[in-house]
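Biologist: I would like to learn how to read the pockets and the charged pairs of a protein model. Could you take me through them slowly, giving the general idea before the case at hand?

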Amino acid sequence: MSDRTSNRIFDIVNVTFITLFVLFCLAPFLHTIAISLSSNRAITSGEVTIFPKEFSWDAYGQVFSDNSMLYSLGFTALLTVATTVLCLLFTIAAAYPLTKKNLKGRKLFMYIIIITMFFSGGIIPEYLLIRDLHLMNSVWALILPGLVSPFNLIILISFFRGIPDSLEESAEIDGSSHVHTLFKIILPLSMPVLATLGLFYAVGRWNGFQDSLMYITNPKLYPLQLKLFQMVQNNMITDLTLLEGASRTRLTPESLKAAAVVFATVPILLVYPWLQKYFVSGAMQGAIKG
């Protein structure tokens, strides 16, 4: 068997395996979409698989007519943007000095950062800390605890170390300060890894609900995932089915929950195509450089 034939067989097997794996991963999401677009009778009779049965938009109509869901969507979007920006700023502020060899205590700081990746105080001490800082029912309770991720910080440090020192030395000779060098030279070269880390932070905040479950009791500060989590846990959709002007035909909880899941998932999925070109290169460069 020639090498060309062997490579072709390998490509066919590889593509087939990846295709089956992708379909396996997509099947639950396609099933959720199908339930959200199917009729009550088809859902209760168990006829829905990955394709809708007796197509219906009623579940989405009731989800979009719920003002609290729309409010949670807008609040979560603003929270995600604010969290991502602040996390990137503080991660950059921590990573850049740690690349300087003349920084005293640099190795100690790195050891402390690495230790936090393996050991933590636990949920109860964290809750007590947030309570004693008077951050309960505050947006800062959702932002400050995860302001800097040690994993993301190490990736950014590795990337910064891979940037040639000659660029900074040339800037220093021209009279550039460290801050000016960072914003004018280092960060423009770091856009792929910054986009990747920003995606990590954004997805983590968008999907987070445990912190809001512990720290937030004010409905006006409910992120979308917490509202969805409560909906699934309670196994009832009272807030959606009792809306003024809603359809008189009562929908099944499964269809409404499925519509809410899709409603909460699609916005963050739309972010991936814009950052996809940076994602692989940024992750690889940050992991390998230095």
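Predicted model: local features only at pLDDT ≥ 70, side-chain atom pairs only at ≥ 80, totals over all residues.

Biologist: How is a pocket found, and what is the volume of the second largest pocket?

Modeller: Rolling a probe the size of a water molecule over the atoms shows where empty space is left. Here the second largest pocket has a volume of about 390 Å³, and of the 15 residues that line it, T99, K100, K101, D165 and E168 are the closest to its centre. Sorted by class, the lining of the second largest pocket has four nonpolar, three polar and eight charged residues.

Biologist: Which residues lie nearest the centre of the largest pocket, and how is its lining divided by class?

Modeller: The largest pocket, with a volume of about 910 Å³, is lined by 30 residues, of which E126, L144, P145, G146 and L147 lie nearest its centre. Its lining has 18 nonpolar, nine polar and three charged residues.

Biologist: How should I read a salt bridge, and how many does a search of the whole structure find?

Modeller: Side chains of opposite charge can pair when their charged atoms come close. In this model the search finds five salt bridges, and one of them joins the side chains of E168 and K100, at 2.3 Å from N to O. This pair links distant parts of the chain, 68 residues apart, with E168 in helix α9 and K100 in the loop between α4 (67-95) and α5 (106-118).

Biologist: Are E168 and K100 buried or exposed?

Modeller: The cut-off for buried is under 20% relative accessible area, so E168 is buried at 9%, and K100 likewise counts as buried at 18%.

Biologist: What about the salt bridge between E47 and R41: how far apart are its closest N and O atoms?

Modeller: The closest N and O atoms of E47 and R41 are 3.0 Å apart. E47 counts as partly exposed at 32% relative accessibility, and R41 is partly exposed too, with a relative accessible area of 42%. Salt bridges that share partners also join R41, E47 and E54 into one network.

Terms used
Residues numbered from 1 in each chain as written. Heavy atoms only, no water. 1 Å grid on protein atoms, 1.4 Å probe; cavity = no way out; pocket = protein on both sides within 12 Å on 5 of 7 lines; lining within 4 Å. Points joined across faces, edges and corners; volume = space filled by probe spheres on them. Nonpolar A, V, L, I, M, F, W, Y, C, P; charged D, E, K, R; others polar. Salt bridge = Lys/Arg side-chain N within 4 Å of Asp/Glu carboxyl O. Buried < 20%, exposed > 50% of the residue type's maximum accessible area, 1.4 Å probe, protein only. Helix = DSSP H or I, 4+ residues; strand = E, 2+ residues; numbered from the N terminus.
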